[in-house]
Amino acid sequence: MLDAAVQLEHATIPPYLTALYSIKTETNPEASAIIRAVLVEEMLHITLAANVLNALGKHPDFEAQDFVPSYPTYLPDGESEFLVSIDKFSSTTLDTFLQIERPSKRGPQLDSELKGCVKRSNHHVFELKAVKPLKSSTYSFYSIGDFYEAIREGIEYLEDQANRKGETIFIGDPRFQVSNRYYYSGGGEVVEVFDKTTALNALELIIEQGEGHTHQIFNEQGELSHYYRFQQLKLGQYYQTGDSPGHPTGQKFEVDYKNVYPVKCNPKVADFPEDSELKQAALQFNENYQAFLTTINRAFRGGQEDLIGAVCGMFRLKECASQLIRNPLPSNPLMNGGPTFEMRYDSISVKAKSIKTWETA
Amino acid sequence: MVKEEYQVHQFVELSGALTDFNAFALNGTGQVSDYLQTLTNIVGEDIVEQLLSTFSAVYEASADETMFINGIRQQILGDMKLGPVARNLIKLWYTGTWYQLPNSWREDFGKSEQDTTFFVSSASYTEGLLWQAIDANPSGAKGPGYGSWSQPPRINFDNAWQFKPSTKFR
């Protein structure tokens, strides 16, 4: 499930990133700041989930064939009533972001006996390997928080079982833990995971930052959870201490959906004309993104000093994505390009094929 | 193409010819409309119109690149009125700064109150083409991360502007 967690955290990044960069500079400062803050915390969550996975003696695989979803996509924790797209910042996009970060249902709101799960009449075919509770194919997690709660309970259960036999599930090499030394300060402190306590701390931080702690707007550090951060944009007003959910009383502001580049929803390289700069840039972006994921993969497999180079890579990716977003489609000037996040998993087979063709010739 | 779109198209091509960055690179800075607006505010609609129509006329009349370059040199950069404006546009694109026009020009063609030396916006500074030209990050902005300065610059000319003979602007 932690594999899916890393994948899940990553799956939110292309949509958040595209929405953020679609906002024209010097406009919508509130929306930009909020999306950026959430985006940076998602990167922290990837690191935390990867650290937990590494502590258990496994490793995340950022190069796996299905790691980057094809958008639009369902999220890999099993939510099936909304799709997540790569799109410009808009009211609809914001609604999706609220769905992604929604707080879990509690008590009588839940229509199943399984914790954190809701009953589904029909399960969609997920773009990503979906994680469903055992024994049931008709239940899935209602929120990301529920998903992490299940992971937390699983770890506690398995570690207790192991302890009874005088063993532990935390058998990972501590050198694989990514620390604050190389993590480019963003979104909070990285928790290095060595045992049950640190694992639960890491997961707790993800849950608190994401959906909020026990349904409070602010966590113990006074930090607003992702759902309520986004809700402020919906309501055009900031929360302040003492507010109740859904009723912010802080400073008001206006969100200007017009000052946004008209990015094509879920763009694909195939949408851009052959020989266009847009196509070249989109291919270049994807290639660089894939190289970036390879670097990240190394970083989470014992080479954390590679994160330094990866940060430079991130800034270059930002530049490239912004260029795509600011350029109109040659075929339809009313719509702009955007990063497509299409990874090439067939490069090896393509290479092999070209060699074969050459040999035959 | 509606008039406004046509003007933007002409402006991007003129800027491309003057800076040697193509439309993709110029659009990519997000500064096109701000710069056209800045230019119009300072030198006025008429001079902008004259600059753009001269550019289009030279472009359309040129059979090859040499003719085009000579035409731009003589009719725009060598022109008493248009030359300083075109040079200012080059500086604007490269640095994000509008530099006050020379005094002689101001005396001959009009002194706009807005014609002072200023950064168009904080974004215009970070989006200056000079940073792309030397593959460096603007000081104090667009931080490329710790140690990135130890890497050699990666300068390429993929997005250079190109003259395409027989192009019609309208």
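1. Which residue of chain A does B:Glu127 pair with in a salt bridge? The partner is A:Arg326, and the closest N and O atoms are 3.2 Å apart. A salt bridge here is a side-chain nitrogen of Lys or Arg within 4 Å of a carboxyl oxygen of Asp or Glu. Both B:Glu127 and A:Arg326 are buried, where buried means under 20% relative accessible area, exposed means over 50%, and partly exposed is in between (1.4 Å probe, protein chains only).

2. Some ground rules before going on. This is a predicted model, in which local features need pLDDT of at least 70 and side-chain atom pairs count only at pLDDT 80 or more, while totals for chains, interfaces and linings use all residues. Residues are numbered from 1 along each chain as its sequence is written, chains are lettered from A and ligands numbered from 1 in the order in which they are written, and side-chain values use heavy atoms, with hydrogens and water left out.

3. Next, the overall make-up of chain A. Chain A has 10 helices and 4 strands; helices (H or I, at least four residues) and strands (E, at least two) are DSSP runs, numbered from the N terminus. Read from the N terminus, the order is α-α-α-α-β-β-α-α-α-α-α-β-β-α. Chain A has 361 residues, and 54% of them count as buried. Take the contacts in chain A (heavy atoms within 4.5 Å) between residues at least 6 apart in sequence: 67% of these join residues at least 24 apart.

4. Now the interface. Between chain B and chain A the buried area is about 1600 Å², with carbon and sulfur atoms giving 48% of it. Buried area is the accessible area (1.4 Å probe) that two parts lose on being put together, summed over both. Chain B brings 22 residues to the contact and chain A brings 17 residues. There are 2 salt bridges between chain B and chain A.

5. Over all chains, the salt bridges come to 13. One of them joins the side chains of A:Glu41 and A:Arg229, at 3.3 Å from N to O. A:Glu41 sits in helix α3 of chain A and A:Arg229 in helix α7 of chain A, so this pair ties together parts that are 188 residues apart in sequence. A:Glu41 is buried, at a relative accessible area of 3%, and A:Arg229 is buried too, at 12%.

6. What about A:Glu274, buried or exposed? A:Glu274 counts as exposed, at 60% relative accessibility. The side chain of A:Glu274 meets that of A:Lys279 in a salt bridge (2.5 Å, N to O), and A:Lys279 counts as buried at 12% relative accessibility.

7. Helix α7 of chain A (residues 226–235) also holds A:Gln232. A:Gln232 counts as buried, with 3% relative accessibility. Leaving out residues up to four places away in sequence, A:Gln232 touches A:Ile34, A:Leu224, A:Gln237, A:Tyr238, A:Tyr239 and A:Phe253.

8. A few backbone spots deserve a look. Most residues other than glycine have a negative phi, and most peptide bonds are trans. A:Glu26 is not a glycine, yet has a positive phi of about 65 degrees. You'll find A:Glu26 in the loop between α2 (13–22) and α3 of chain A, exposed at a relative accessible area of 51%. A:Phe341 also has a positive phi, near 50 degrees. A:Phe341 lies in the loop between β4 (332–336) and α10 (347–360) of chain A, and is buried with a relative accessible area of 2%. Then there's the peptide bond from A:Tyr71 to A:Pro72, which is cis, with omega near 0 degrees. A:Pro72 is placed in the loop between α3 (29–55) and α4 (91–100) of chain A.

9. Lastly, a helix pair in chain B. The axes of α1 (residues 3–19) and α6 (residues 82–95) of chain B come within 10 Å and cross at roughly 85 degrees. Axes are lines fitted to C-alpha atoms, for helices over the stretch in contact, and angles run from 0 to 180 degrees between N-to-C directions. On the α1(B) side, the residues that meet α6(B) include B:Phe11, B:Leu14 and B:Leu18; on the α6(B) side they include B:Leu89, B:Ile90 and B:Trp93.
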